[in-house]
Every structure is written in C-alpha cells, then in structure tokens.
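Biologist: Could you take me through this model? I would like to begin with the protein interface and then turn to the DNA.

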2 protein chains.
Amino acid sequence: MAVTDEAIEKIKSMIVSGALRPGDRLPKESELAADLGLSRNSLREAVRALSLIRILDVRQGDGTYVTSLDPQLLLEALSFVVDFHRDDTVLEFLAVRRILEPAATAMAASRISEQQLDALTAQLDRLGDTPSVEDLVACDLEFHRGIVHGSGNSVLCSLLDGLSGPTTRARIWRGLTQEDAVARTLREHRAILAALRDRDAEAARSWATVHIASVEQWLRSTL
Amino acid sequence: MAVTDEAIEKIKSMIVSGALRPGDRLPKESELAADLGLSRNSLREAVRALSLIRILDVRQGDGTYVTSLDPQLLLEALSFVVDFHRDDTVLEFLAVRRILEPAATAMAASRISEQQLDALTAQLDRLGDTPSVEDLVACDLEFHRGIVHGSGNSVLCSLLDGLSGPTTRARIWRGLTQEDAVARTLREHRAILAALRDRDAEAARSWATVHIASVEQWLRSTL
DNA sequence: GCGTTCAAGACCTCCGACGTATCAGGTCAT
DNA sequence: ATGACCTGATACGTCGGAGGTCTTGAACGC
C-alpha cells in the first residue's frame with residue numbers, strides 16, 4: 001500500500017479510536033509527516049483527500065482540524081459524488097427518494113414543531129401563486145428540507161439532501177416544459193403542509209408519495 | 001480558491017460534461033498539470049482526493065483513469081465516511097435502514113429471479129442451525145445484500161450496503177449477549193425468503209420490518 | 001511460437017525553497 | 001486604560017527538480 005494511503009488510514013484510525021476528537025487540531029504538517037514516517041508532500045495528499053470528504057478542515061495560516069463529524073457534514077460529500085451520475089441513473093435515485101421522502105414526511109407529522117410549521121407556511125406564502133420556475137424549484141428543495149428536518153433524523157435529512165440534488169435539473173426542465181407543473185406543485189405542497197398540521201401521518205405520507213410519483217412518472221415518460 | 005480545489009473542480013467538470021468518459025485515461029500528470037496551470041505536486045493532491053472517492057483510478061506505472069462511475073462504486077465511498085460516525089448516531093442510521101430495507105424487500109418480491117432465490121436458500125442451508133456469531137453476521141449481511149440486489153435498484157443496493165456497515169458491530173455484540181438472537185435471526189431469514197418465494201410483497205415487507213425492528217429495539221434498550 | 005529480458009513511460013516519494021494567510025503580542029495614539 | 005495598528009512567528013500553499021518503483025510492450029534468444 002502506498003504511504004499516502006497508509007497515512008489516510010492512520011489518520012482515520014486516530015479519529016475513529018478517539019485519539020483525535022471532533023474539533024481537535026492536528027500536529028502541524030511537518031511534525032505529523034515525521035510522526036507518520038513520510039514526506040510532507042505525501043502527507044498533504046492524504047490530508048487533502050480527507051478534507052474533500054469533510055473529515056478534516058484545513059485553514060491556511062492556522063492549522064488543520066478535525067471537523068464536527070456531524071452526519072450532516074459528512075453526507076454533504078454525498079452530493080459531490082452524486083453529481084457524477086449521468087441522467088440514466090436519475091430514475092434509480094428518484095426511486096430511493098420515493099421510499100425515503102414519504103417515510104420522512106410521515107415521521108415529521110408527529111415530531112415537527114409548530115414553529116417549524118409556521119416557517120414552512122410563511123415560506124410558501126412568500127413565494128406567491130405564480131413564481132418563476134427557478135424560484136419554485138429552489139423553494140421546493142427548501143420546503144422538503146424543512147419537512148425532513150422536522151423528522152428529527154439528521155442522517156435521513158442529509159441523505160435526502162444529497163439525493164435531491166441530481167433531480168433538481170430534471171425538475172427545472174419539467175417546470176419549463178409541463179404547463180401545469182407549477183400549479184400542481186404548489187397545490188401538493190399546501191396539501192402536505194395541511195396534513196402535517198393535522199398530525200395526520202398517513203395523509204402526509206400519501207401526499208408526499210403522490211408528489212414524488214408525479215415527477216417520476218413524468219420523467220419516465222420523457223426519457 | 002486554492003489551485004488544488006480549482007483542479008478538483010476542473011477535473012470534475014471535465015467528467016460531468018462528458019469530455020472525460022468512464023474508462024478514459026487522463027493525460028499524464030506533468031501534461032495535465034501544465035494544462036490546468038499548476039504544479040505536479042498540487043495536481044497530485046487533487047487526483048488523490050478524487051481517487052479516494054472512487055472517481056479516478058490511479059495505476060502506478062500505467063496511468064490515471066476515470067472509473068466506471070457506477071453508483072455501486074461511488075457509493076462505496078459512503079462506507080468510508082460512515083465509519084467515522086460514533087455509536088450515538090447508530091440509531092439514526094438504523095432508522096433509515098428500517099425505512100429502506102422493507103421497501104427494498106417488497107420490491108424484490110416481484111423482481112427477484114428464481115435463480116437468486118435458490119442461491120439465497122442454498123446460502124441459508126450452508127450455514128446450518130448453530131452457526132458461530134461471526135458467521136451468522138457475515139451471512140446476514142450477504143443475505144440482505146442478495147435480496148436488495150434482487151430489487152433491481154443499484155443505488156438502493158449500494159446505499160443499504162453503506163448503511164449496514166456501522167450496525168455490523170452492534171449485531172455481533174447482540175449475538176454475543178442475547179441468547180435467542182441467533183435462532184430468531186435464522187427464523188426471520190427463512191420467513192423473508194418464504195414470502196419472496198410466494199411473491200408476497202406485503203409479507204416480505206413486514207418480515208423485513210420485524211427483522212430490523214428487533215435489532216433496533218434491542219439496541220435502544222441497551223444504549 | 002514462447003518465454004525472457006530490457007528499456008521506455010508513468011506514477012511514487014522525497015527534498016528544499018519561497019509565497020501567503022492567520023494569529024498573538026507589542027506599540028502608539030487617543 | 002483602551003483601542004487601533006503594526007510586526008513577527010507560525011502554519012498552510014505552491015512550486016521545481018531529483019531519484020525510485022511499477023507496468024507495459026517490444027525486442028531478443030531459445
């Protein structure tokens with residue numbers, strides 16, 4: 001195994017074992033390189049790799065730190081990876097989202113707070129009845145993010161966030177080509193929100209399913 | 001933005017735009033560095049980072065290639081990230097798995113082939129009635145992997161693979177401390193398999209839920 | 001035809017130097 | 001005494017070059 005890969009593993013094990021904890025500062029590059037028995041250049045490759053996936057946070061002039069290691073932060077790297085997938089796998093991502101999102105929405109029905117519901121309502125009100133497609137899609141993302149956040153599961157939240165990215169382009173495309181897509185999306189958002197206010201998990205789940213299924217169906221008929 | 005980060009973005013965009021396709025070979029380090037306007041050292045940091053998340057495949061003495069970019073391969077990097085999570089978030093991972101796995105099992109009920117079912121049966125038969133805990137957990141992973149593979153969604157498959165990793169230790173621990181865990185697991189596996197053979201999606205979904213919920217319940221009571 | 005040898009090509013590792021950003025401490029004016 | 005400002009130390013950022021190691025494929029000999 002290459003020395004850089006060894007260094008990656010060693011740093012990883014230092015964190016997993018607890019020798020390095022979230023927020024801790026690593027020894028400076030030259031020292032750490034000497035400790036691990038490799039050159040500073042090779043160590044930098046390891047640090048850069050771990051930095052890309054948000055394990056380490058490198059600050060020029062200051063030092064290198066272990067990130068908070070929050071699921072949210074780490075799964076953020078997922079969206080970077082997901083960006084590489086081509087359109088022919090969008091349907092598979094959407095299928096997974098179709099499983100997760102209704103479940104998350106149902107969970108939110110019992111856990112989301114009144115304040116969060118008010119915030120979602122205000123967000124929909126701000127958008128108005130005839131928003132631009134770009135605004136709608138941005139709002140759509142934010143809306144679902146808010147609901148999933150209300151589920152109380154940060155892993156679920158981050159995962160859906162990562163999965164929603166690649167379908168964004170598709171949704172914009174849909175908004176531009178399908179006449180009633182905008183109005184329908186707004187209606188469904190209101191319906192989901194109403195179900196959440198009623199604390200009706202099954203209704204919320206069903207509306208979320210309908211919401212995603214309509215996108216999926218359109219996408220399937222288009223490709 | 002640092003030159004290395006720029007290089008990462010440029011290589012990424014070359015792949016996303018289609019200028020570099022899966023399996024393509026990159027120019028050699030010195031040339032690519034010159035093209036992108038940075039030093040070989042800095043370029044190597046970018047390549048190493050993209051290599052960690054399986055975007056690039058670097059072969060000493062040969063060259064650097066774009067990987068197949070299969071969802072399976074890219075999401076494999078997920079397990080690397082998941083390894084960093086501490087035990088207190090295992091429950092959140094398990095909750096996500098509890099959503100996905102029953103859905104995947106239900107999907108498999110209609111899509112899995114007879115050959116795959118036979119292979120799963122043979123696998124359970126091989127294990128016998130009183131396997132070691134390690135063998136059981138390994139078989140457990142393989143069993144669920146086989147079923148999820150039968151769902152026909154490779155994204156779902158890879159995602160569950162990544163999520164199942166962190167709970168593996170917990171399952172071993174459970175097998176060692178809870179008397180009837182082994183027998184119960186075997187019974188539930190047989191029940192899931194029987195439901196799949198019957199092409200009974202709802203039964204398969206329910207058994208999968210039960211299967212995971214029992215682990216979740218035990219874990220919740222233990223922590 | 002087949003196995004071996006060898007040289008070219010490409011990545012691997014290291015070194016030393018200099019550039020740049022951050023932070024802490026001291027200085028000085030208010 | 002307090003605040004802004006300057007400055008040095010520190011640590012990361014970038015670079016160019018020099019060998020080393022591995023893979024590949026062609027040339028060679030059997």
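Modeller: Let us begin with one pair: the side chains of Glu45(B) and Arg44(A) form a salt bridge, with N to O at 2.8 Å. A salt bridge here is a side-chain nitrogen of Lys or Arg within 4 Å of a carboxyl oxygen of Asp or Glu. Please note that the model is predicted: local features need pLDDT of at least 70, side-chain atom pairs count only at pLDDT 80 or more, and totals for chains, interfaces and linings use all residues. Residues are numbered from 1 along each chain as its sequence is written, chains are lettered from A and ligands numbered from 1 in the order in which they are written, and side-chain values use heavy atoms, with hydrogens and water left out.

Biologist: How many salt bridges are found across the interface of chain A and chain B?

Modeller: The rule finds 8 salt bridges across that interface. It also finds 14 residue pairs in polar contact, both residues being at pLDDT 80 or more. A polar contact is a pair of N or O atoms within 3.5 Å; within protein, one must be able to donate a hydrogen and the other to accept it, and residues adjacent in sequence count only if both atoms are side-chain atoms.

Biologist: Which element gives the most to the side of chain A that touches chain B?

Modeller: H5(A) does, with 8 residues. Helices (H or I, at least four residues) and strands (E, at least two) are DSSP runs, numbered from the N terminus. By class, that side of chain A has 27 nonpolar, 7 polar and 10 charged residues. Ala, Val, Leu, Ile, Met, Phe, Trp, Tyr, Cys and Pro count as nonpolar, Asp, Glu, Lys and Arg as charged, and the others, Gly among them, as polar.

Biologist: And what area do chain A and chain B bury between them?

Modeller: About 4100 Å², 72% of it on carbon and sulfur atoms. Buried area is the accessible area (1.4 Å probe) that two parts lose on being put together, summed over both. In chain A, the residues that lose the most area to chain B are Glu45(A), Arg48(A) and Phe84(A), together 18% of what that side buries.

Biologist: Now the DNA. Which residues come nearest to DNA strand C?

Modeller: Of the 26 residues around DNA strand C, the nearest are Val3(A), Ser39(A), Asn41(A), Arg40(B) and Arg44(B). A residue is near a strand if one of its heavy atoms lies within 4 Å of it. Sugar and phosphate make up 70% of the atoms of DNA strand C that come within 4 Å of the protein.

Biologist: Where is Val3(A) placed?

Modeller: Val3(A) belongs to helix H1 of chain A, and a polar backbone atom of Val3(A) is 2.7 Å from a phosphate oxygen of DNA strand C. Val3(A) counts as partly exposed because its relative accessibility is 43%, between the limits for buried (under 20%) and exposed (over 50%), with a 1.4 Å probe and protein chains only.

Biologist: Which side chain lies 3.1 Å from a base oxygen of DNA strand C?

Modeller: That is Gln60(A), through an N or O atom.

Biologist: What about DNA strand D: which element gives the largest share of the surface near it?

Modeller: H3(A), with 4 residues.
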